[in-house]
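Dear colleague,

Please find below the structure that I would like to hand over to you. My notes on what was found in it follow directly after.

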Amino acid sequence: MVTLVTYLPFYRIHEINEYFMRNVEILKPRDAIVYIDNVYREKQKEIISKVVPNEIEVRVGNWRNRNNTWLSMLRDFQNLGGEVMVVDSDNVVEPLLVDVHKLLNVQGPIYTILDEEAWRRNPRHFLIRSRKINDIKLPDGVRPVYAYKVYDDSISGMFRGGSVFFIGPKQVVTFMRLPDIELIARVERALNRVDPWLRNFISDETLLGILAFLMGIREIPWTIASHHYHHGSTLGKATELLVAAAHYQFAKELYKEFHRREFIRYRVKYFLSTIKNLSNIMSAGDFK
């Protein structure tokens, strides 16, 4: 049996009862843990105690971004033992994930799950870096299993959108093996040298892709088995210049830690993106 985990900022704690408890009911995990970010006052903890059911363990912090939250979670997971399944707080898994897990937990150290809605909306977004590796037989029929390439070393990858490091679909991430403590610490040192105001512009899919790559993983198995109820609390697409600046800083600091040529390539991609986005701003007349 797995430990089931979700993570969310304080202002979205309603999703614990709205979605996470449904996942607990479906998956019947050994333990269920919720990580809540942006908690820094006792009054907040009082509110949480009134909202979260007693059977759920709550861990709070003021990490202020998803990536520092993830690194704290991964460090904590070392003490849990067994498999750990992390589900996004605004997702409800399909009941057949129980069967999917039995089949995919032998495929490798990590597998991930995509939501049905994203698959219907734009499958190419995920298939462009994936290859089909299997079909799995489930009670409702056959589902394809793909493998997502966590590091894109192609020439085209330098110029299309998205990071060269990416774990792929991430509505659910299940760990049969975790990154070791030293690896987590070194990535965390690199992240902590990125401007705090920029860290939220680095997707957690990128962070997880980097960790997987440094664990020696080159592809992550995935299939479709959840539903996404988007929270709608963000304004929309992030400013591309800030995204490029955040990734550029992170890539530079990762190279200092690991001296891997892949991080030079990661840095160059976002150096080029920074120049492009500055040029777009200037051509729009902002500096006339």
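Predicted model: local features only at pLDDT ≥ 70, side-chain atom pairs only at ≥ 80, totals over all residues.

Glutamate 94 and arginine 143 are joined through their side chains by a salt bridge, with N and O 3.0 Å apart. Glutamate 94 sits in the loop between β5 and α4 (97–104), while arginine 143 belongs to strand β8, so this pair ties together parts that are 49 residues apart in sequence.

A second salt bridge brings together the side chains of lysine 170 and aspartate 88, at 2.8 Å from N to O. Lysine 170 is found in the loop between β8 (141–149) and β9 (172–175), and aspartate 88 in the loop between β4 (84–87) and β5 (91–93); the pair therefore ties together parts that are 82 residues apart in sequence. Lysine 170 and aspartate 88 are both buried.

A search of the whole structure gives 23 salt bridges. As to charge overall, the protein carries 40 positive and 34 negative side chains, and the centres of these two sets are 6 Å apart.

Turning to the helices, α8 (residues 204–214) deserves a separate note. Of its 11 residues, 11 are buried, so helix α8 is largely enclosed by the rest of the structure. The buried residues include the charged Asp204 and Glu205, and also Leu207, Leu208, Ile210, Leu211, Phe213 and Leu214. Just after α8, glycine 216 adopts a positive phi of about 90 degrees.

Helix α10 (residues 261–283) contains leucine 278. Leucine 278 is partly exposed, its relative accessible area being 38%. Its C-alpha atom is 9.6 Å from that of glutamate 240, a residue 38 positions away along the chain.

Finally, some values for the whole protein. There are 10 helices and 10 strands. The radius of gyration is 19 Å, close to the 19 Å given by the globule rule for 288 residues, so the protein is as compact as a globular protein of that length. The C-alpha trace spans about 55 × 50 × 40 Å along its principal axes. Of the 288 residues, 51% count as buried. Among contacts with a separation of 6 or more, 78% are between residues 24 or more positions apart. The accessible surface is about 14,000 Å², and carbon and sulfur atoms account for 53% of that surface.

With kind regards

Methods. Residues numbered from 1 in each chain as written. Heavy atoms only, no water. Helix = DSSP H or I, 4+ residues; strand = E, 2+ residues; numbered from the N terminus. Rg over C-alpha atoms; globule rule 2.2 N^0.38 Å. Buried < 20%, exposed > 50% of the residue type's maximum accessible area, 1.4 Å probe, protein only. Contact = heavy atoms within 4.5 Å. Areas by Shrake-Rupley, 256 points an atom, 1.4 Å probe, with all protein chains shown as cover. Charge placed at Lys NZ, Arg CZ, Asp CG, Glu CD. Salt bridge = Lys/Arg side-chain N within 4 Å of Asp/Glu carboxyl O.
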